[in-house]
Amino acid sequence: MIRIYNTLTQQKEEFRPIEPGKVRMYVCGMTVYDYCHLGHARVLVAFDVITRYLRHRGYDVNYVRNITDIDDKILRRADENGEPYDELTDRMIKAMHEDEARLGVLSPDEEPRATAYIDEIIAMIHKLIAGGHAYAADNGDVYFSVDSFDDYGKLSKKKLEDLLAGARVDVQEAKRSPADFALWKAAKAGEVSWPSPWGDGRPGWHIECSAMSTCCLGDTFDIHGGGPDLLFPHHENEIAQSECATGHTFVNTWMHAGAIRVNKEKMSKSLGNFFTIREIMEKYPAEVVRYFLVSSHYRSQVDYSEENLAEAGRTLTRLYHALRGIVPAKAADVPESEHDERFAEAMDDDFNTAGAIAVLHAVANEINQHRRDGREDDAKQSAAILVRLGGVLGLLQQDPEAFFQADTGGELSAEDIEAMIQARADARKAKNFAEADRIRDELLEKGIILDDSREGTTWRKA
């Protein structure tokens, strides 16, 4: 039995999909005006792991993650760059796909773009106006009337009267109430736009996700996820407009990933303390970054620091060390074990990846013990379990030597290092141990660690 913390009810609940054996899940994706930062990676990796585990448990998952490719920020950035907005978004989407591929994030089953759903968005706005839940203002905008939805605030637990007490309306807006939000925005001079019954314009941000999710997954679906900053107002507004348009419950289970923090502040572009995924992967292997994100529970806040990433690298290295120089048994020949049961127990409890990671280290310790005892067949069996369970988290799928020798990033090529290892071996054979030690120390100064064994000498990046 899988139990998931539902933001809507603020408690863990037994997961019962609408259609037995099938999961329909929608996650809010990127607004593509800039490169993805580590906070985005947190969401990408968290829901990738959730999707992988649900499939591991036998569910047929339809995972939809949208792209917002029209937005104020996009238009502003395109104008700053002096380029068409769609050239900017195409470039950023390509970069996003490159980043997620390096992080081992599987592609969603569907990746709808807002600009491809203009007709569906307009149709939903029509329904809302006809139902008395929205109105066309004199300035060409269309707004959702928040007070027409009695349950507004049920996700965030915010009260409408409190929101109204602290709100003000910009003098240029034509809202009836400060809490109302835009469904359709009238086009400004020279701005990209689409025709509508209310005049040329473009959709508001919130309505995009309601239209795309219901078109792809139906009026009611199982899971809706996203980052912590989307809970209010974005997801709250999605609920209001979707349930008013369809007359049905929008989503059964709401899931929100935790924030990335830097010096106890949320990582965000507005605070200027963010690091792009590609900046971080210039300094750390992609799988180390993924391990750093997976090793904390998806709902917890993650503290970013050089020290924490370095520690993630060291702990991931220990897992790969257990696999080094061993050929895992064939998966078909390895039945499920108590490790599989403990792994499932952790992941069934609201996708507790920290608990699952602890199981991986227990298996690695078992491999090392088998090897010390000379039980190679048992070591191969345990190695197969480690690779199998690691794969559910998107980890440990590289050849260990490729992991250790990747991204040396220094002045020495792999060929240079191998030549120095051979020179050291020759020096040791000639009993010139001072020269052998000098070569080893030189490599260590350049960030290369040598590991000697009966089978020979291997190397890895420090």
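This is a predicted model: local features need pLDDT of at least 70, side-chain atom pairs count only at pLDDT 80 or more; totals for chains, interfaces and linings use all residues.
Ground rules first. Residues count from 1 along each chain as its sequence is written. Local features need pLDDT of at least 70, side-chain atom pairs count only at pLDDT 80 or more, totals for chains, interfaces and linings use all residues, and side-chain values use heavy atoms, leaving out hydrogens and water.

Start with the site. An unreviewed UniProt entry lists Cys-28, Cys-209, His-234 and Glu-238 under "binding site". Such annotations may be inferred rather than shown by experiment; positions follow the numbering used here, and feature names are shortened. These residues span 211 residues in sequence, yet no two of their C-alpha atoms are more than 11.1 Å apart, so they gather at one spot.

Take Cys-209. It sits in helix 6, residues 205-217. Helices are DSSP runs of H or I, at least four residues; strands are E runs, at least two; both are numbered from the N terminus. Cys-209 is buried, at 1% relative accessibility. Buried means under 20% relative accessible area, with a 1.4 Å probe and protein chains only. Leaving aside residues up to four places away in sequence, Cys-209 touches Tyr-26, Cys-28, Asn-66, His-234 and Glu-238. Contact means heavy atoms within 4.5 Å.

Now His-234. It lies in helix 7, residues 231-246. His-234 is buried, with a relative accessible area of 1%. Its contacts, with the sequence neighbours up to four places away not counted, are Cys-28, Trp-205, His-206 and Cys-209.

Four strands form an open sheet, order 5-6-7-8, paired antiparallel. Pairing needs at least two DSSP bridges between two strands. Strand 5 (134-136) and strand 8 (201-203) are the edges. Three bridges join strand 7, residues 181-186, to strand 8. In strand 8, Gly-201 is the bridge partner of Ala-186.

Definitions and conventions. Buried means under 20% relative accessible area, exposed over 50%, partly exposed in between (1.4 Å probe, protein chains only).
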